[in-house]
Amino acid sequence: MNAEARTDDSAGILLVDDMEDNLIALEAVLGSLNEPLVRARSGEEAMKALLRRRFALVLLDVRMPGMDGFETAANIKRLDQTKDVPIIFLTGTEDSGYAFRGYATGAADYLTKPFDPWVLRAKVSVFLELHRKNQQLERLLARQRADYEEVSKRLGALETELTDPQRTQVRELRQLLERR
């Protein structure tokens, strides 16, 4: 699926793994979610993709040549525009130290390979739904801000009109109100 052709409203899932077979497996498991799946074969590629578009979630392999998953996660969490993107670490290592380190770098979850496809799809679905709810909240807040600005502008114009000493009708209305 071409990620660039989709609107910014589509969530998008960034799949980061240096192994082609792992990327194919992730695409097979997540393809039914009908969200853009964007591949990155390294931490560097992942950072470039994250700077180009918004993602609902990053599935990140821990062990990769060059910038490993932990370093990539640390870079993701360091940038203002990407710091809130949830990360699920995927690794073939069952070392509990890796899990601890993953959560310490800001991971939302941690799964070992081979992963249960149903569990992965369920977890990803939860993050996609959270992303959609956050987008709804952002739209509501933007609408509220616009409404507030419009009301403020109208109140300002009304105040200007009411305080204009040259307005005979306003002056008479003010005098009438002061008498009561």
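Student: Is Lys 123 buried, exposed or partly exposed?

Tutor: The model is a predicted one, and every value discussed here is computed from it. Lys 123 has a relative accessibility of 25%, so it counts as partly exposed. The cut-offs matter for this reading: buried means under 20%, exposed means over 50%, and partly exposed lies in between.

Student: With which residue does the side chain of Lys 123 meet in a salt bridge?

Tutor: The general idea comes first. Side chains of opposite charge can pair when their charged atoms come close. In this structure, Lys 123 and Asp 109 meet through their side chains in a salt bridge, at 2.6 Å from N to O. This pair links distant parts of the chain, with Asp 109 in strand S5 and Lys 123 in helix H5, 14 residues apart. Asp 109 is buried, because its relative accessible area is 12%.

Student: How many salt bridges does the structure hold?

Tutor: The structure holds 13 salt bridges. Among them is the one between the side chains of Lys 113 and Asp 61, with an N to O distance of 3.1 Å. That pair also links distant parts of the chain: Lys 113 belongs to the loop between strand S5 (109–112) and H5, Asp 61 belongs to strand S3, and the two are 52 residues apart. Both Lys 113 and Asp 61 are buried.

Student: Is Asp 80, which forms a salt bridge with Lys 83, buried or exposed?

Tutor: Asp 80 is exposed, because its relative accessible area is 65%. Lys 83, at 38% relative accessibility, counts as partly exposed. The closest N and O atoms of the Asp 80 and Lys 83 pair are 3.7 Å apart.

Student: Which residues are linked in a network of salt bridges?

Tutor: The network of salt bridges links Glu 20, Glu 27, Arg 39 and Arg 41.

Student: Turning to the sheet, what is the order of its strands?

Tutor: Strands of a sheet pair through backbone hydrogen bonds, either parallel or antiparallel. Here, five strands form an open sheet in the order S2-S1-S3-S4-S5, and the pairing is parallel. Strand S2 (37–40) and S5 stand at the edges with a single partner strand each, so one side of each has no neighbour in the sheet. From one strand to the next, the twist averages 20°.

Student: How many bridges join S1 to S2, and which residue in S2 stands opposite Val 16?

Tutor: S1 and S2 run parallel and are joined by four bridges. Opposite Val 16 stands Ala 40 in S2. Strand S1 (residues 13–16) also pairs with S3, in the parallel sense and over four bridges. In that pairing, Leu 15 stands opposite Leu 59 in S3.

Student: Which strand (residues 87–91) pairs with S3 in the parallel sense?

Tutor: That strand is S4, which pairs with S3 over four bridges. Val 58 has Ile 87 in S4 as its bridge partner. S3, helix H3 (residues 69–78) and S4 together make a right-handed β-α-β unit.

Student: Which residues of S3 point one way, and which the other way?

Tutor: In a regular strand the side chains alternate between the two faces of the sheet. In S3, Leu 57, Leu 59 and Asp 61 point one way, Val 58 and Leu 60 point the other way, and all are buried. Strand S3 (residues 57–61) is accordingly described as mostly covered, with five of its five residues buried.

Student: Which residues make the nonpolar surface patch?

Tutor: Val 151, Leu 155, Leu 158 and Leu 162 make a nonpolar surface patch of about 360 Å². Leu 162 is found in helix H5 (residues 117–162). At 39% relative accessibility, Leu 162 counts as partly exposed.

Student: Which peptide bond is cis, and where is Pro 114 placed?

Tutor: The peptide bond from Lys 113 to Pro 114 is cis, with omega near -5°. Pro 114 has its place in the loop between S5 and H5.

Student: Which residue has a positive phi although it is not a glycine?

Tutor: That residue is Asn 34, with a phi of about 55°. Asn 34 lies in the loop between helix H1 (20–30) and S2. With 53% relative accessibility, Asn 34 counts as exposed.

How values were computed
Residues numbered from 1 in each chain as written. Predicted model: local features only at pLDDT ≥ 70, side-chain atom pairs only at ≥ 80, totals over all residues. Heavy atoms only, no water. Patch = residues over 30% accessible without salt bridge, like charges linked within 9 Å, V, L, I, M, F, W, Y side chains within 5 Å. Areas by Shrake-Rupley, 256 points an atom, 1.4 Å probe, with all protein chains shown as cover. Salt bridge = Lys/Arg side-chain N within 4 Å of Asp/Glu carboxyl O. Buried < 20%, exposed > 50% of the residue type's maximum accessible area, 1.4 Å probe, protein only. Pairing = 2+ DSSP bridges. Right-handed = clockwise from strand over helix to strand, strands pointing away. Axes fitted to C-alpha atoms, helices over the stretch in contact; angles between N-to-C directions.
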